[in-house]
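Subject: Structure handover

Hi,

Here is the structure I promised to pass on to you. Have a look at it first, and my notes follow below.

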Amino acid sequence: MDFRKLMEAGLPEDRLALVDMAARIASEEGVPLYLVGGAVRDLLLGRPTEDLDLVVEGDAETLAAVIAKRMSGDVVSRSQFATVKLKVRGSSLDMVTARNESYARPGALPQIAHGTMREDLARRDFTINAMAYPLHLGSNANLLDPHGGQGDLRHGLVRVLHDGSFVDDATRIMRAVRYEQRLGFALEERTESLLRRDLPMLDTISGDRLRRELLLWLQEERRLKILARADTLGVMAAIHPALAGAGASAWEAVGGGGHTSDAEVCLALLVRSLSRTDAEAIIERLRMLPGWAAVVRDTVDLRERLSELVGASESPSRLYESLAPFDPAAVRGWSLAAPDAGVREALALYIDKLRHVKPLLSGRDLMQLGVPQGPAVGAMLVRLRTAKLEGAAEGRSQESDLVRDWLAEEGRISPGATD
Ligand code: ATP
């Protein structure tokens with residue numbers, strides 16, 4: 001395996017050029033510089049790779065500053081862990097100082113000290129993410145793979161580096177499921193039993209970290225498959241007991257067609273059977289931000305209203321009024337999962353068509369037609385939208401005619417007046 005060739009084949013030209021420049025400068029400065037983690041994994045798999053993470057055996061900030069100076073780039077400091085982003089002519093690289101980590105207690109953020117590349121690899125989550133390519137050594141370098149990552153890539157296995165891995169950091173439980181499903185891999189046998197054993201350790205993880213991992217799940221292409229798999233492994237129930245079975249049910253709602261739906265719709269599918277009390281508990285446990293909290297609450301509340309929607313497509317304006325208060329992701333979720341086919345259709349009609357219906361005339365147009373400035377303008381726009389929803393006004397001129405008729409009825413202008 002010639003990793004250099006994989007880099008040439010897999011990286012866009014500008015990024016490869018930037019990596020090569022960084023490598024040359026590192027080598028001149030006598031500072032070891034490695035490509036690590038996801039990029040190495042993805043290049044070995046022949047998958048597109050997004051972020052390039054570089055590890056410096058030395059001081060990342062100092063090396064990044066030297067490279068930036070030589071290449072007229074910028075260094076942006078990113079976090080408390082000596083992580084910097086190097087930007088040169090539209091391309092960027094993340095650089096971090098090699099570190100040695102220890103965990104004071106389960107779930108705590110790690111205590112960090114400078115370390116060697118090997119120590120840095122030893123603190124990582126899975127063997128497939130624990131390989132490094134020494135860029136400073138030039139084109140004949142060998143991949144550093146002390147944990148057998150290449151073998152696990154070949155066999156399609158997600159494997160932790162040691163038995164205490166999930167205890168040290170239980171977010172790795174959620175990461176394991178994500179990589180397994182993304183790559184179409186399996187959990188290595190021992191890893192799966194450790195994962196099951198350590199499920200209670202998810203209680204040590206803060207709501208913010210859990211929510212971020214859930215977001216990463218929901219951003220994956222196979223998000224629904226991830227939820228289903230997490231359920232089978234007991235991960236959903238470990239996140240919150242009320243979520244037991246919810247992942248499998250979200251997956252089944254779309255008939256196993258796991259590529260559908262965006263992240264928030266997936267969230268709606270996941271929470272749709274919760275009681276209000278459990279929904280609130282989960283919002284709190286995951287410290288959800290207002291956007292997600294609204295999706296959860298509206299999904300649960302809309303469930304109580306579904307029966308009213310049988311036959312609702314017959315009156316589009318009433319359907320609109322019923323659904324407009326709800327978050328679109330909640331409506332979309334039920335348009336996939338409502339038990340009644342007619343209700344699913346009504347919800348889909350609202351999502352695909354009705355909610356986009358809007359008068360062509362603006363408030364200003366209405367005032368020119370004689371609608372008095374103030375709340376009457378808003379009220380007239382709503383009335384116009386209702387008429388449009390019922391198919392009573394198509395183009396601008398029909399809308400104007402309607403408004404004139406209404407004003408005439410109200411005695412505001414004489415019938416037949418034109419602008
Ligand atoms: P992705 O394609 O999902 O971005 P990635 O491997 O780049 O994959 P990141 O979350 O960006 O993932 O993390 C970069 C690297 O840092 C990982 O490859 C892994 O080696 C390490 N890492 C990230 N999170 C953890 C963790 N919780 N425990 C141990 N190592 C981690």
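Which helices and strands each supply at least two residues of the lining of the largest pocket? Please keep in mind that this is a predicted model. The helices are H3 (38-45), H8 (171-183) and H10 (207-219). The strands are S2 (53-56), S3 (74-79), S4 (83-88), S5 (91-97) and S6 (99-102). Of these contributors, H8 gives the most, with 6 residues.

Sorted by class, the lining has 23 charged, 12 nonpolar and 8 polar residues.

Now the chain as a whole. The protein chain contains 22 helices and 10 strands. Its radius of gyration is 28 Å, whereas a compact globule of 419 residues would come out near 22 Å. Along the principal axes, the C-alpha atoms fill a box of roughly 90 × 50 × 35 Å.

I also looked at two helix pairs.

H1 and H3: helix H1 (residues 3-10) packs against H3 at an angle of about 90°, and the two axes lie 9 Å apart. Because of that angle, H1 counts as roughly perpendicular to H3. On the H1 side, the contact is made by Phe 3, Leu 6, Met 7 and Gly 10, and on the H3 side by Val 40, Leu 43 and Leu 44. This contact has 6 nonpolar residues, 1 polar residue and no charged ones.

H17 and H21: helix H17 (residues 316-323) and helix H21 (residues 375-389) pack with their axes 7 Å apart, at an angle of about 125°. That angle makes H17 oblique to H21. Here H17 brings Pro 316, Ser 317, Tyr 320 and Glu 321 to the contact, and H21 brings Arg 385, Thr 386 and Leu 389. By class, the contact of H17 with H21 has 3 nonpolar, 2 polar and 2 charged residues.

Best wishes

Key:
Residues numbered from 1 in each chain as written. Predicted model: local features only at pLDDT ≥ 70, side-chain atom pairs only at ≥ 80, totals over all residues. Heavy atoms only, no water. Helix = DSSP H or I, 4+ residues; strand = E, 2+ residues; numbered from the N terminus. Nonpolar A, V, L, I, M, F, W, Y, C, P; charged D, E, K, R; others polar. Axes fitted to C-alpha atoms, helices over the stretch in contact; angles between N-to-C directions. Parallel < 35°, antiparallel > 145°, perpendicular 65-115°, else oblique. Contact = heavy atoms within 4.5 Å. Rg over C-alpha atoms; globule rule 2.2 N^0.38 Å.
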